[in-house]
Amino acid sequence: MKKNSLKNLEAVDKTAFCQDLIGWFTEEMRDLPWRKDQDPYKVWVSEIMLQQTRVDTVIPYFNRFMEQFPTIEALSEAEEERVLKAWEGLGYYSRARNLHSAVKEVQVKYEGKVPDNPKEISSLKGVGPYTAGAILSIAYGIPEPAVDGNVMRVLSRILFIEDDIAKPSSRKIFEKAVRELISHENPSYFNQALMELGAIVCTPTSPSCLLCPVREHCVAFHEGVQGELPVKTKNKKQREVHLAAAVLKDDSGRTLIHKRAEKGLLANLWEFPNIEIHLPFKTEKDQVKQALQSEYGADAVLGEMVGKIEHVFSHLTWTIHVYEGSLTALTEEKPDLKLVTPEQIESYPFPVSHQKIIKQFYS
Ligand code: SF4
């Protein structure tokens, strides 16, 4: 930690800052479904869904999820495939799997009550310092920091903090700042207000300083450097992976689908049989046929490539060439390799990239 990272903290009038921030939030907060009450389970689900995902995208998912799994008990008893299906399209599926297993633990170990202390809540799978702080403050009114990228951006400007927010070690600096500033009367609104400010006023590229409720307290605004903060080093270049997938139908119109491994990227989701292509494009079709035989036990007559799907993850990009074909033989169906009808396919959870294949090339 740089010695003077929080050099401007002392000068902040903390009472006035909290009043301005919380007063604004009380008036202007968006009407979001997880704000209707302080149920810790709902706060938890919403915070997990909101990681890496926009509010507008999350709202319908959250509502549907709550209809299907209204309580800790309901979610803890659900099959994982149903949970993944409800999450389908939101991406970052390990969030859903971790939430599911943590909820089961809460049901068994804490009799269905979400823990209300940092130690126990932080030990749950998928509950990092941000989520723990969000649940503790919003649902239980405990003055714990909830620091994510948004909050770091806002505070880096208000306090003119120049530490690189891409470095994991910087979080501690911002947590320290929140611990100093947080309202002990209303920690829930304080944390939510910082998040809201980052979402709708102090946005990444063009902060609306003239509409900002804490402009008076903002060092970056006074110095005219809000556009230069936060300091954030760029991500490493994304890895590009080239795949080929086959949509294969048998004589009765059923399609071959495959379940991904239990661990790793998109674990336990379903997909069309596919392989990673390493060799030049002209030999691609032969590689696909060979892999269908060796990896899936499937013989097929493959047509020409029918299209291309691109999907960007945080760390890699997939380019998938899609082939259609007829399945002429299959060694055996297995729990992770099935032939399904068009009606059945709808009940299986697919990652977004393969949903795009269904939408564009599956009929
Ligand atoms: Fe962000 Fe501008 Fe408000 Fe400062 S004054 S917190 S830079 S919106």
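**Entry 1**

I began with the second largest pocket, which holds about 330 Å³ of space. I kept in mind that I was looking at a predicted model. I counted 21 residues in the lining of this pocket, and L90, G91, Y92, H311 and F313 are the closest to its centre. Next I looked up which elements give two or more residues to the lining, and I found α6 (94-109), β5 (298-312) and α15 (352-361).

I sorted the lining of the second largest pocket by class too: nine residues are nonpolar, eleven are polar and one is charged.

Where does the second largest pocket lie? I checked the domains, and domain 1 (9-228) and domain 2 (239-362) both give residues to the lining, so the pocket lies between them.

**Entry 2: a cavity**

Then I turned to cavities. How many cavities of 30 Å³ or more does a search of the whole structure find? The search finds one. I noted that 15 residues line the largest cavity, and that R157, C202, C209, C212 and C218 are the closest to its centre. I wrote down about 120 Å³ for the space in the largest cavity.

Which helix gives the most to the lining of the largest cavity? I found helix α9 (residues 149-158), with three residues. By class, I got eleven nonpolar, two polar and two charged residues in the lining of the largest cavity.

**Entry 3: the ligand**

Which space does the ligand take? I saw that the ligand takes the space of the largest cavity. I then listed the residues that surround the ligand: R157, I158, V201, C202, P207, C209, C212, R215, C218, F221 and Q226. I sorted this shell as well, and it has eight nonpolar residues, one polar residue and two charged residues.

**Entry 4: strands**

I moved on to the strands and started with β1. Strand β1 (residues 239-249) pairs with strand β6 (residues 316-330) over eleven bridges, in the parallel sense.

Do β1 and strand β4 (residues 274-276) run parallel or antiparallel? I found that they run antiparallel, joined by three bridges.

I followed β6 to β5 next. These two strands run antiparallel, and twelve bridges join them. I found A298 bridged to L330 in β6. How many residues lie between β5 and β6 in their hairpin? I counted three. I also remembered that β5 gives two or more residues to the lining of the second largest pocket.

**Entry 5: two backbone details**

Last, I looked at the backbone. Is the peptide bond from L229 to P230 cis or trans? I found it to be cis, with omega near 0 degrees. I located P230 in the loop between α12 (219-223) and β1.

I also stopped at E111, which has a positive phi of about 50 degrees although it is not a glycine. E111 belongs to the loop between α6 and α7 (118-122).

How values were computed
Residues numbered from 1 in each chain as written. Predicted model: local features only at pLDDT ≥ 70, side-chain atom pairs only at ≥ 80, totals over all residues. Heavy atoms only, no water. Near = heavy atom within 4 Å. 1 Å grid on protein atoms, 1.4 Å probe; cavity = no way out; pocket = protein on both sides within 12 Å on 5 of 7 lines; lining within 4 Å. Sits in = over half its atoms within 2 Å of the grid points. Nonpolar A, V, L, I, M, F, W, Y, C, P; charged D, E, K, R; others polar. Pairing = 2+ DSSP bridges. Helix = DSSP H or I, 4+ residues; strand = E, 2+ residues; numbered from the N terminus. Points joined across faces, edges and corners; volume = space filled by probe spheres on them. Domains from an automatic or database assignment.
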